[in-house]
Amino acid sequence: MKKNGITEYFEEVETAEEYNRYFCRIPEVITIAILGSMCGLKNVSQIHQWASNDKVSEFLKEKFGINHVPCYYWILCILKMIKTETLNQCFANWVYSFMPENAKDLTISLDGKTICSTNRIEKIESPLHIISAQISELGLTLAQRSTDDKSNEIPAVQELLKTLDLLGN
C-alpha cells in the first residue's frame, strides 16, 4: 500500500519502553531526524537547532504536519527508545516506495565493510562491521545490518535477505 508521506512510513516503529506521546509522535521525530540528515546535519543537536528555525518549523508544519518541534532532550530520548529492527523495516519500506516499476530488472549488490574509526572507541571491543544491500543502477542502499565481527557476515547476509523480501512473499 502506497503511503502519502514520509511520516506515515514510520507509524509502526516500536519502542523498547512505553511512550505515551507526551510531547510529540515518534514518526514525527524520525521524520525530523531523516530530513535533518538529508540536509547534511551530523548530530541531534544540529538537527534540533535546524528544525527549531522559524522557516524550517513552518515548512515542517506545512509539508509534513509536524506542528511542534520537540526540545533537543526529547528528540534524543525518543530516538534512544526506538527498536532498531522495526525502524529498519519501516525505513526499508519507505525506500522501496521510490523503486521504479521495472525493479525486477535491477541488480542488488551485497557488500561488507569494516568501519575503521570504530576501533578507537573505548566502549567498542572490535571495529564495527556492516553488511549493505544496494541497488547498483540507482546507487540506493536498501538496508544494512551490523555484525559482531567479520566472521559473522554470512548469517548477517541471510538475515538481511529475509528482511528485503525480494520475492514479495
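1. Helices α1 and α4 are roughly perpendicular to each other, a label given to angles from 65 to 115 degrees, whereas those under 35 degrees count as roughly parallel, those over 145 as roughly antiparallel and the rest as oblique. In this predicted model, the axes of α1 (residues 26-38) and α4 (residues 72-81) cross at roughly 105° and come within 10 Å. The axes are lines fitted to C-alpha atoms, for helices over the stretch in contact, and the angles between N-to-C directions run from 0 to 180 degrees. On the α1 side the contact (heavy atoms within 4.5 Å) is made by I26, V29 and A33, which meet I75, I78 and L79 of α4. Its residues comprise six nonpolar, no polar and no charged, where Ala, Val, Leu, Ile, Met, Phe, Trp, Tyr, Cys and Pro count as nonpolar, Asp, Glu, Lys and Arg as charged, and the others, Gly among them, as polar.

2. Residues are numbered from 1 along each chain as its sequence is written. Because the model is predicted, local features need pLDDT of at least 70 and side-chain atom pairs count only at pLDDT 80 or more, while totals for chains, interfaces and linings use all residues; side-chain values use heavy atoms, with hydrogens and water left out.

3. Helix α1 also packs against α2, at an angle of about 100° and with the axes 9 Å apart, and these two helices are therefore roughly perpendicular as well. From α1 the contact takes in I32, A33, L35, G36 and S37, and from α2 it takes in I47, W50 and A51. By class this contact has six nonpolar, two polar and no charged residues.

4. The axes of α2 and α3 (residues 54-64) come within 5 Å and cross at roughly 80°, which makes this pair roughly perpendicular. W50, A51 and S52 of α2 and D54, V56, S57 and L60 of α3 make the contact, and its residues divide into four nonpolar, two polar and one charged.

5. For the chain as a whole, there are six helices and three strands, taken as DSSP runs (H or I of at least four residues for helices, E of at least two for strands) and numbered from the N terminus. Along the sequence their pattern reads α-α-α-α-α-β-β-β-α. Of the contacts with a separation of 6 or more, 52% join residues 24 or more positions apart.

6. As to confidence, pLDDT (the predictor's confidence in each residue, from 0 to 100) averages 82 over the protein chain, and 84% of the residues score at least 70.

7. Of the 169 residues, 34% count as buried, where buried means under 20% relative accessible area, exposed over 50% and partly exposed in between, with a 1.4 Å probe and protein chains only. S132, located in strand β2 (residues 128-135), is buried at a relative accessible area of 10%. Leaving aside neighbours within four places in sequence, S132 is in contact with S109, L110, D111, T141, A143, Q144 and L160.

8. G139, by contrast, lies in the loop between β2 and β3 (140-147) and counts as exposed at 66% relative accessibility. The C-alpha atoms of G139 and I108 are 10.0 Å apart in space, although the two residues are 31 residues apart in sequence.
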